[in-house]
Every structure is written in C-alpha cells, then in structure tokens.
Amino acid sequence: MKITVMAMSIDCELCIIRSFQQSDERTIAQHANNKEIWLNLRDHFPHPYTQADAQQWLESIVGAIPEITFAISVDGKAVGAIGLVLQEDIERCSAEVGYWLGQAYWGRGILTAALKTFTRYAADEFKLTRLYAVPFLRNTASMKVLEKAGYQREGIMRRSAIKDGQVIDQALYAYIPAY
C-alpha cells in the first residue's frame, strides 16, 4: 500500500505557508543562524545553526505524518518556520504553536499574517479547541504578533524557563476557535 502525501500551500498575501522541502536547507541555515532568533526559542534549536543542522532537521520533518511543521516562504524562499506540538491524552484537543522568522523579514507583518492563517488552518485540520503559545516575557514583538493574530494573554508563568543561563518568565497566550 502506497501512501501519497500532498504538499500543503496556503497564500497569506505577505507570505506563503507551505510544506518544507529538502531544497530549503540553504535558506533555513542562513536565516536560522542568528543569536537574536535563538534567544527566543527552545534550546533544541541550536546556535550556531549550521547547514548540517538544517539538513538533519529537514530530514526529520519532510514527509512526516501528520505534517505539523511548515515553511514561511517569501519570494519562493523558506525564511522561517511555523508549526505545532500536538498534545495528548486529556489535552488532545490542544496544541502549542511555535514560529520563527529570519531577522531580515521582521517588522513587515509577515509573521502576523502567517500566524492568523496558520491558526485557522491548524484549528480546522486537527479539530483543535485551543491553540496556545508561551513566549518569553521579554519577547514583546512575539506577544504583539500573538495579540494581532487573535490570541489572548491568559497569564504570566513566573520563573518558568531557563534560557542562556538566566531564569526567566513566560507569558501564556491562547486562541480559542469559535465553533
């Protein structure tokens, strides 16, 4: 039995959210190798970010079922990523959303457009009743993106993370689809 996986592509006007391809390796490595991006992501996102890191990561996600990690593409180039961590057991109707965008593309509304569109897609595709994000409290730009995309701040998780050797606070944002 052969399973055919269709590539996903959604036009967000300012960008396209699409399935990753192995050919995205160079641009992902180029944009991900940035300490400013690393400072706002989980530690499993390496810094420095090498071509080998991009290759290994793409091998782990391209063709995955279910497909939960996508490229943010501008002018045909993967310049960031957006995806989900689907929850399990009693939280199986929830997913954490995460994203990053190459610094050269910050401040253009690209991430807001991508998150708005991706949130609707993910809620429908995975029948989610809740999507949430936990940006570091110091990451005001990400919190603004979440708010513009319809997420509401539910609280502050004090001293809940360690990044770059510092204990820091995280905010909890959630989007509840209107079904």
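User: Quick one on terms. What counts as buried, exposed or partly exposed?
Analyst: Buried means under 20% relative accessible area, exposed means over 50%, and partly exposed is in between. Keep in mind that this is a predicted model.

User: OK, so where does C93 fall, buried, exposed or partly exposed?
Analyst: C93 has a relative accessible area of 29%, so C93 is partly exposed.

User: And C15, buried or exposed?
Analyst: Buried. The relative accessible area of C15 is 3%, and the cut-off for buried is under 20%.

User: New topic. Which strand holds A95?
Analyst: A95 is in strand β5, which covers residues 94–101. A95 is buried, with a relative accessible area of 0%.

User: What does A95 touch?
Analyst: Leaving out residues up to four places away in sequence, A95 touches L84, V85, L86, Q87, L128, R130, L131 and Y132.

User: How far is A95 from R158?
Analyst: In sequence, 63 residues. In space, 21 Å from C-alpha to C-alpha.

User: Last topic, β7 and β8. Do they pair in the parallel or antiparallel sense?
Analyst: Antiparallel, over eight bridges. Strand β7 spans residues 152–163, and strand β8 spans residues 166–175.

User: Which residue in β8 is the bridge partner of Q152?
Analyst: That is A174.

User: And what sits between the two strands of that hairpin?
Analyst: Two residues. In this hairpin, D164 takes a positive phi near 55°.

Methods:
Residues numbered from 1 in each chain as written. Predicted model: local features only at pLDDT ≥ 70, side-chain atom pairs only at ≥ 80, totals over all residues. Heavy atoms only, no water. Pairing = 2+ DSSP bridges. Helix = DSSP H or I, 4+ residues; strand = E, 2+ residues; numbered from the N terminus. Buried < 20%, exposed > 50% of the residue type's maximum accessible area, 1.4 Å probe, protein only. Contact = heavy atoms within 4.5 Å.
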